[in-house]
Amino acid sequence: MSAKKPNVERDVTINKSEFKAAVVRHLHCTLGTDENKANNHAWWKATCSAMQEQVLEGIRKTQKTHYLNDTRAVHYFSAEFLMGRLLSNNLQNFGLFDVANDALNELGVSLSDVLEEEPDMALGNGGLGRLAACFIDSLATMELPAIGYGIHYEHGLFRQEIQGGAQIERPDSWRDYGNPWEICRPESIQEVSLYGYVETKYGENGRIQKEWHPGHIVKGIPWDIPVVGYGGKTVNVLRLWQSKSSGYFNWDVFNAGGYVDAQVENVQAETISKVLYPNDETEAGKELRLIQQYFFCACSLKDIIRRYKRAHGDDWSRFIDQVVIQLNDTHPAIAIPELMRILVDRAELDWDQAWGICTKVFAYTNHTLLPEALERWPARMLEKILPRHLEIIYEINHRFMKEVDKKWPGDNAVKARLSIIEEGNEKMVRMGHLSVIGSFAVNGVAELHSRLVKQNLFPEFDALWPGKLTNVTNGITPRRWLKACNPALSKLIDKKVGADWPLELKKLEGLEKYAGNKTFQKQFMQVKQQNKQLLAAEIKESLGFDVDTNAIFDVQIKRLHEYKRQHLALLHIMALYRRLLENPDYDMHPRVFIFGAKAAPGYKLAKDIIYAINKVADKINNDARVNQKLKVAFLPNYRVSLAEKMIPAADVSEQISTAGKEASGTGNMKLALNGAVTIGTLDGANIEIAEEVGDDNIFIFGLTVDEVNELKASGYKPYDYYYKNPEIKAVLDWLETDYFTPGKPGALASIKQSLLDHGDQYLVLADYEAYSKAQEEVDKAYRDKERWAKMAIINTAKMGKFTSDRSIRDYVERIWKLNACPVRKG
Ligand code: GLG
């Protein structure tokens, strides 16, 4: 087994003058413009094209090597890939960042301005999609044969504007003016069937055969996005499918003069890959979403089988040796019955043989325990869109129920719990169950989460198949999340521990011995100060006000959700405001609370919380009585490229979810890696971060999972906290007045209602006091400059565990059983 460490030496050698020549050549020959005329956008495109020459050569060599070695590969199926920008990352990974910088400099162009021209590739909602992006970076870096499969959304996650404090959603258009990285592969177009009916036939030997007569056929067009490994040797691809009308169905209409009808059909087909569902942690029970899922799974499976057949013909016996498919959450779970359909109906394998293959190919990652996020599809909807797949799911379930009966004879309650089909008013298909049953490995994404998956979500599955449910703690790529986004800190680290930490993050431990060293502390905090100045400039530009860079930069960046408890932070900010008004000498170090968050457009309370943060911010920032000590900045349109500016500048990282709700979190890792100190609950990966950095270097507060359960079981009464704690009462009552929304009393009242009248499901009030106390500890610690510097350094030093290379190594060794396949020159 060798998920070996790749060596650092670069494969690409191109010097400054060659790079310069390539950029100018592309300016002339690809863009048809001139140095005198070109704006930054044109320079950006020309620079990308110059890079793309290296990238394409890398893809060619990688694919040839994998083909010649007939490698086993992992196929990462994910409805989301939150890639962000590619140019700076690709330059870094090829080791060409400084070359490009100097080359452009000589051309009178600033690389950092050029980098700002690139639209984010925001084909994801949050953690799940960004995790997929980090994973494919690690796979390429570790020279593993891998391909990401997903959807080529025309519009990624909506662009957020804030108007009068409220979130407004605008369409995202990441490729309106063309995308220089993507490569269309018309030679690999696939067709996908939808709707129609199933015909039962009897074959010669009495074998029952099923034939699906589809009602629609759409085309899937593959676009490849290069994934450049660090060191530039392996360049894998992310293959994204775009839907198009197949023309198959509508030519008759067309010939009969129905030109318009034919065009309508086109539009319908193209709708499939039009837009990313902006839901995070909620189930979007929409027909179109199921079609999206099936569409990309069907295209991807056909693509995999086409490649397999090229090497092995119709011999299916080696399929399980060559192919492993990782399902990133349940979104691609429909791939399981699709592979069964291909094997049974098309390849004519018998059921057991087909099922034997299937259950050795798929592995499934669970990312959430929230019941509202566990996907279930109405059987009726499946029957309409994918009639044959529903039959297959029933058959899988029927056979599985027999297995359950063997283990728990006659126990109908356990059968009802384990059945893929949930009976009720409306029959529902549980995609989580299907995923567990159809996979050979199931993992959660942090120790605590995986334990809860076993104990609470799928306990009987764990009893039935001991060892199948396991943990792989998430990770982040240090290439993007330190090396590229925080160059000043990276250079400082290079000097202390050498330059190969981006490949071996444990090397950061070498910083620990300098944690108490005054000179190093000063250098480390100087870098932080510089980064804070950059972010302050961003805040000024975006929001129009100044922030004091000597203040504590306290950062909470993540999707807006009640369980993540941005409103807990808000109540505490209001309490600080109140304390300052009541006592102008209230002793606190100046603090800037900085937020970034998008709310799902249909999630009313989440949008209300954004509105409340902005309204409270307006008031505080303009109140001369307090604004030397307290500021609040909500930066609009939180996205990967904004995170890259916020994370290096953070002093404090807010990770304050209700214990048991945040499966892992990955922002927590990025912030700590960049020297922010966490204030957090014992939830998700916070627990493992605390284990690494030690109790003295993190501020843990609040109820544990067990305490949350006990409190809920004993009958949680949020009103008790309201009456007991005058500060809680005061700030909640304040929300009901028109103090923050002049002339509009009650505009912020829904938050109070959710916490009192609707039961405070996420225990905000129960954790308030502990949070407030922990924040006082943060304040005290920050004022002791040496203590804080030491804490910050130790946080960076101890993040080695959280490189996504370690996560991938865990997957490779324990689940995927892959070998690295080095790509060499030639
Ligand atoms: C999830 C979880 C996060 C997790 C991420 C990646 O909510 O806690 O870190 O996936 O595993 N749905 C998500 O974004």
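## Domain contact

Across the boundary between the two domains, 25 residues of domain 1 are in contact with 20 residues of domain 2, where contact means C-beta atoms, placed from the backbone, within 7 Å. On the side of domain 1 that touches domain 2, α6 (127-141) and α17 (447-457) are the elements that give two or more residues. That side has 9 nonpolar, 11 polar and 5 charged residues; Ala, Val, Leu, Ile, Met, Phe, Trp, Tyr, Cys and Pro count as nonpolar, Asp, Glu, Lys and Arg as charged, and the others, Gly among them, as polar.

The model is predicted: local features need pLDDT of at least 70 and side-chain atom pairs pLDDT 80 or more, while totals for chains, interfaces and linings use all residues. Residues are numbered from 1 along each chain as its sequence is written.

## Domain bounds

The domain assignment gives domain 1 as 70-81 + 123-156 + 181-474 + 809-816 and domain 2 as 478-802; such bounds come from an automatic or database assignment. Taken over C-alpha atoms, the centres of domain 1 and domain 2 are separated by 37 Å.

## Helices α23 and α30

Helices here are DSSP runs (H or I, at least four residues), numbered from the N terminus. The axes of α23 (residues 604-621) and α30 (residues 749-756) come within 9 Å and cross at roughly 125 degrees. Axes are lines fitted to C-alpha atoms over the stretch in contact, with angles from 0 to 180 degrees between N-to-C directions.

α23 and α30 are therefore oblique to each other (under 35 degrees is roughly parallel, over 145 roughly antiparallel, 65 to 115 roughly perpendicular, the rest oblique). In this contact, Leu605, Asp608, Ile609 and Ala612 of α23 meet Ser750, Ile751 and Ser754 of α30. By class, the contact has 4 nonpolar, 2 polar and 1 charged residues.
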